[in-house]
Amino acid sequence: QTTIQSNPLGIENISNKISGLEIYPNPVNDVFGVSFNMNKAGAASASVYTVDGKLCRHLFSEKLNSGAFSKSYDMSSFAAGIYLFKLNIDGATVTEKIIKE
């Protein structure tokens, strides 16, 4: 007898973990800011990728407390184009497009 079990990958809605995600200004010239509110403490990491999935820069990886988060990052060395900002909070990920002018 064969038993088949589904094993979901733990995909969770990130809106339970954060709110108010903003990337500004967008389009970006040199520096962009990221802000959001952590609904509860958790492990967070963020990176910037090319649209074909190559890692450009790892921005941070740390345990954040609940509350407001805001940091700025320099993209002046990046070529003009479209990039993907990926934010992971406790295994849930959100991706936002960043346009570099």
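Predicted model: local features only at pLDDT ≥ 70, side-chain atom pairs only at ≥ 80, totals over all residues.

Student: How many helices and how many strands are in the chain?
Tutor: Read the elements from the N terminus on and you get β-β-β-β-β-β-β. So the tally, by DSSP runs, is 0 helices and 7 strands.

Student: Is Ser35 buried or exposed?
Tutor: Ser35 sits in strand 2, which covers residues 31-38. Skipping residues up to four places away in sequence, Ser35 touches Gly20, Leu21, Glu22, Tyr24, Phe69 and Ser70. Its relative accessibility is 17%. The cut-off for buried is under 20%, so Ser35 counts as buried.

Student: What percentage of the residues in the chain is buried?
Tutor: The chain has 101 residues. The share of them that is buried comes to 31%.

Student: Which residue forms a salt bridge with Lys54?
Tutor: Side chains of opposite charge can pair when their charged atoms come close. The count here is 2 salt bridges. For Lys54, the closest N and O atoms are 3.3 Å apart, and both partners are exposed. The partner is Asp52.

Student: And how far apart are the closest N and O atoms of Glu62 and Lys71?
Tutor: Glu62 is partly exposed, with a relative accessible area of 31%. Lys71 counts as partly exposed too, at 33%. These two form a salt bridge, and the closest N and O atoms are apart by 3.1 Å.

Student: What share of the accessible surface belongs to carbon and sulfur atoms?
Tutor: The accessible surface of the chain is about 6300 Å². Carbon and sulfur atoms account for 48%.

Definitions and conventions. Residues numbered from 1 in each chain as written. Heavy atoms only, no water. Helix = DSSP H or I, 4+ residues; strand = E, 2+ residues; numbered from the N terminus. Buried < 20%, exposed > 50% of the residue type's maximum accessible area, 1.4 Å probe, protein only. Contact = heavy atoms within 4.5 Å. Salt bridge = Lys/Arg side-chain N within 4 Å of Asp/Glu carboxyl O. Areas by Shrake-Rupley, 256 points an atom, 1.4 Å probe, with all protein chains shown as cover.
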